[in-house]
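Here's a quick tour of a few spots worth a look. Keep the structure open and follow along.

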Amino acid sequence: MSDPLVLVADDGPVRTLTLNRPAALNSFTSAMHAELRDALDAAAAAHHVRAVVITGAGRGFCAGQDLNDPGMAPGADGKVDIGAVIEANYKPLALRLRAMPVPVLAAVNGVAAGAGANLALGCDLVVAARSASFIQAFAKIGLIPDCGGTWLLPRLLGRARALGLALTGDKLPAEEAVRLGLIWQCVDDAELIATSQALAQRLAAMPVKALAATRQALDAAAHMTMEDALALEARMQRDLGNQADFAEGVAAFQQKRAPHFTDR
């Protein structure tokens with residue numbers, strides 16, 4: 001029996017999903033996509049899971065699409081239908097990340113290239129090892145950024161830097177990625193696991209329903225006028241204000257004690 005392509009491990013309320021094709025720098029196959037989607041769905045359904053960490057086994061996070069995967073085989077016309085691969089695998093993955101009911105953190109332990117880079121950037125927070133790097137490698141093989149990259153990059157970096165990375169395919173070291181505002185944090189390699197897990201545990205102890213709603217509000221507001229964003233804030237605050245976590249947060253503040261949040 002072959003090893004799982006996605007390893008699943010729980011540490012209390014934090015679930016870690018480890019891409020497990022280290023010999024291929026955890027590059028994506030259709031089979032690994034299926035296991036990752038199932039793992040994310042299971043994490044979303046498990047009430048005790050309050051934060052998710054995605055990382056890679058071995059010396060790389062994810063090198064993007066495995067071009068030797070059977071899903072990339074040419075059809076009868078001798079051409080590869082990459083659009084079908086996007087529709088079947090990368091679109092649902094990107095949308096699943098943005099719809100998770102709990103915060104998702106990427107712990108980038110090496111190269112994150114192509115769709116692997118955009119998988120990481122699609123998470124809520126990215127912590128990278130100092131030796132890690134991000135590469136939008138698509139143009140080098142005649143493609144455009146996928147796995148949500150065309151949406152994510154200009155919002156994270158602005159048009160000029162997004163185009164620069166996408167057109168050149170240059171390697172962006174983790175320290176520079178922090179400086180540009182592409183990712184949240186860069187730490188020494190030896191500290192990546194402890195730092196990412198500690199951050200995930202911190203998020204898990206917070207009101208995760210509100211954290212997921214914050215992601216949704218920021219994403220939605222990118223397409224809105226300020227008036228519409230204010231209306232959205234009112235609707236979402238009305239809902240969150242009726243949740244147990246709001247009452248618990250106020251009570252803990254007034255009683256000068258640590259809160260215990262339970263909504264999800």
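Start where α5 ends: next comes G169, which has a positive phi, near 70°. Keep in mind that this is a predicted model.

Now step back into the helix itself. α5 covers residues 159-168, and its buried residues are A162, L165 and A166. Looking down the axis of α5, those residues fall within an arc of 95°, so they line one face of the helix.

Turn to the face pointing away from the buried side, and you'll find A160 and L167, both exposed.

Strand β3 (residues 51-56) is mostly covered, with six of its six residues buried. A51, V53 and T55 point one way, while V52, I54 and G56 point the other way.

β3 has pairings with β2 and β5. With β2 it pairs in the parallel sense over six bridges, and A51 is the bridge partner of V14. Strand β5 (residues 104-108) also runs parallel to β3, joined to it by four bridges; here I54 stands opposite A106. Together, β2, α1 and β3 form a right-handed β-α-β unit.

## A buried asparagine

N26 is in the loop between β2 (14-19) and α1 (30-45). N26 is buried, at a relative accessible area of 0%. Its side chain reaches the backbone nitrogen of R21 at 2.7 Å. Residues touched by N26 include L19, M32, G56 and F61.

Notes
Residues are numbered from 1 along each chain as its sequence is written. This is a predicted model: local features need pLDDT of at least 70, side-chain atom pairs count only at pLDDT 80 or more; totals for chains, interfaces and linings use all residues. Side-chain values use heavy atoms; hydrogens and water are left out. Buried means under 20% relative accessible area, exposed over 50%, partly exposed in between (1.4 Å probe, protein chains only). Helices (H or I, at least four residues) and strands (E, at least two) are DSSP runs, numbered from the N terminus. The arc is that of the directions from the helix axis to the C-beta atoms. A polar contact is a pair of N or O atoms within 3.5 Å; within protein, one must be able to donate a hydrogen and the other to accept it, and residues adjacent in sequence count only if both atoms are side-chain atoms. Contact means heavy atoms within 4.5 Å. Two strands pair if DSSP finds at least two bridges between them. A crossover is right-handed if, with the strands pointing away from the viewer, the path from the first strand over the helix to the second runs clockwise. Lists of a residue's contacts leave out its neighbours within four places in sequence.
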